[in-house]
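Me: Got a model open here and want to go through it piece by piece. Can you take my questions as they come?

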Amino acid sequence: GSPRGLSGPWAATPHAAQGAAGPGPALRRARSSSGRSPRGGRGGAVAARGGARGAGGRGAGAGPGRCAAGRGAGQPRAHVAQPPKKALPGGGRGQFVPRSPQSHRIPLSDGNSIPLLGLGTYADPQKTPKGSCLEAVKIAIDAGYRHIDGAFVYFNEHEVGQAIREKIAEGKIKREDIFYCGKLWNTCHPPELVRPTLEKTLKILQLDYVDLYIIELPMAFKPGDALYPKDENGKFIYHETDLCATWEALEACKDAGLAKSIGVSNFNRRQLEMIMNKPGLKYKPVSNQVECHPYFTQPKLLEFCRQHDIVIVGYSPLGTSRDESWVNVSSPPLLKDPVLNAIGKKYNKTAAQIALRFNVQRGVVVIPKSFNPQRIRENFQIFDFSLTEQEMKEIEALNKNVRYVELLMWRDHPEYPFNDEY
């Protein structure tokens, strides 16, 4: 079978995508019907609501736009008093201990909820046989998954939609049981393109709404048919990025009922603050999808998001493939880690199951990708045990603070998110 937990949605061989059909969003995170988890507990990813927000504003290099007010480059960051945190289920250190698949939803700040474990669906369109994604999603739903993470730029949303519809027709699930996350691609940031792009995604899925719609990356590319626009010298063509204007268009999609919840992906603290401090903000992002695993635990971003009631969704939760064309291979393969394997032996679990359980227990949603039936089922078997506080600390100590997914090909973009500390 394919390697486990591969992730590389932006590896999507630019030449393959070059001629792909016009502007369309990448759908990424999935969501489900509103409501608290049956256990009534709030996950570790969420803290007291309504706290004071950090000072934000556009940093150096950001173009003009409606977010231009706020902290300028070089100004000290204002100190922000934080509200006292609510006690979290599972006690201490923000741990959340979901024990059954039914209770594995955590609340979002808008009143909806998200399953802690989802199926990632990125696979290289050139190397993946047609129908693989369709079968994987059906197997996942049968195994108990209720959260599917997809994107327009994965070129397989038609298979995801078909799988969901077939399972609904079988009577296995209802539409409201499933949480589908879709994504807005970089070429579709101009506000007037956002709703048509989401509508295109819905048409491909043959669904009436997505549960979560997110801005896939905070970097706008030149709009048009090419998903990875380049000039005659092979250099990427960027576009003025106005994240606040794009966000307002997402808010309108939520108001129109096309997306139940809205969020972001690969945003750093400054970019999150830019949205949260926007004059006239109607809905704040419910989630931020970022790389997160035991070798890159995101402690500072996680804490910031907890303070602001933003759920972290961790992509590449099992590490990535070893494809040097887009993966930083200086970090060793996560699943060979001796600590994860030793803890796994104790519970009769794999290193992958330990890595997933670690994040879920911190209230971090995980979306491992697998099209291998055995591993799809195995990745779901993480609700029948809990890691001890000591084991959580041991796994936290594995953090190397090194990304597998650096997106260095876009590091000259004014809104490239990974130059900031977090």
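Me: Start with the surface. How much accessible surface does the protein chain have, and what share belongs to carbon and sulfur atoms?
Reply: The accessible surface of the protein chain is about 15600 Å², and carbon and sulfur atoms account for 51% of that. Keep in mind that this is a predicted model.

Me: And what percentage of the residues are buried?
Reply: Of the 422 residues in the protein chain, 60% are buried.

Me: How many helices and strands?
Reply: The protein chain has 11 helices and 11 strands.

Me: What about contacts between residues at least 6 apart in sequence, how many of those join residues at least 24 apart?
Reply: In the protein chain, 81% of them do.

Me: Let's walk through part of that. How many bridges are there between strand 7 and strand 8?
Reply: Five bridges join strand 7 (residues 210–215) to strand 8, and the two run parallel.

Me: Is strand 8 mostly covered or mostly open?
Reply: Mostly covered: strand 8 spans residues 259–265, and six of its seven residues are buried.

Me: Next step over, what joins strand 8 to strand 9?
Reply: Two bridges, with the strands running parallel. Ser265 has Gln289 of strand 9 as its bridge partner.

Me: Why call strand 9 largely enclosed?
Reply: Five of the five residues of strand 9 (residues 287–291) are buried, so the rest of the structure largely encloses it.

Me: And how many bridges go from strand 9 to strand 10?
Reply: Five, again in a parallel pair. Val290 is opposite Gly314 in strand 10, and Glu291 is opposite Tyr315.

Me: Which way do the residues of strand 10 point?
Reply: Val311, Val313 and Tyr315 point one way, while Ile312 and Gly314 point the other way.

Me: Switching to cavities. How many are there of 30 Å³ or more?
Reply: Three. The second largest cavity holds about 80 Å³ of space.

Me: What lines that second largest cavity?
Reply: Its lining includes Val290, Glu291 and Tyr315, along with Asn266, Phe267, Asn268, Gln298 and Leu301. Arg403, Pro417, Phe418 and Tyr422 are also lining residues. Glu291 and Tyr315 are the pair that stand opposite each other between strands 9 and 10.

Me: How does the lining split by class?
Reply: Seven nonpolar, three polar and two charged residues.

Me: Now the loops. Where is His293?
Reply: His293 sits in the loop between strand 9 and helix 7 (299–307). Its relative accessibility is 0%, so His293 counts as buried.

Me: What is His293 in contact with, leaving aside neighbours within four places in sequence?
Reply: Ser316, Pro317, Leu334, Asn359 and Tyr404.

Me: What is phi for Ser316?
Reply: Near 50°, which is positive in a residue other than glycine. Ser316 is in the loop between strand 10 and helix 8 (338–347), and with a relative accessible area of 1% it is buried.

Me: And where does Asn401 lie, with what phi?
Reply: Asn401 is in the segment after helix 11 (389–396). Its phi is near 55°, a positive value in a residue other than glycine. Asn401 counts as exposed, at 53% relative accessibility.

Me: Last one, Tyr283. Where is it found?
Reply: Tyr283 is in the loop between helix 6 (269–276) and strand 9. Its relative accessible area is 22%, which makes Tyr283 partly exposed.

Me: What does Tyr283 contact beyond its neighbours within four places in sequence?
Reply: Trp247, Glu251, Lys254, Asp255 and Ile262. Tyr283 and Asp255 are 28 residues apart along the chain, with 9.9 Å between their C-alpha atoms.

Conventions
Residues are numbered from 1 along each chain as its sequence is written. This is a predicted model: local features need pLDDT of at least 70, side-chain atom pairs count only at pLDDT 80 or more; totals for chains, interfaces and linings use all residues. Side-chain values use heavy atoms; hydrogens and water are left out. On a 1 Å grid over the protein atoms alone, a cavity is a set of points where a 1.4 Å probe fits but cannot get out, and a pocket is an open set with protein on both sides within 12 Å along at least five of seven lines; lining residues have an atom within 4 Å of a point. Grid points are joined across faces, edges and corners, and a volume is the space filled by probe spheres set on the points. Ala, Val, Leu, Ile, Met, Phe, Trp, Tyr, Cys and Pro count as nonpolar, Asp, Glu, Lys and Arg as charged, and the others, Gly among them, as polar. Helices (H or I, at least four residues) and strands (E, at least two) are DSSP runs, numbered from the N terminus. Buried means under 20% relative accessible area, exposed over 50%, partly exposed in between (1.4 Å probe, protein chains only). Contact means heavy atoms within 4.5 Å. Accessible areas come from the Shrake-Rupley method with a 1.4 Å probe; for residues, only the protein chains shown count as cover. Two strands pair if DSSP finds at least two bridges between them.
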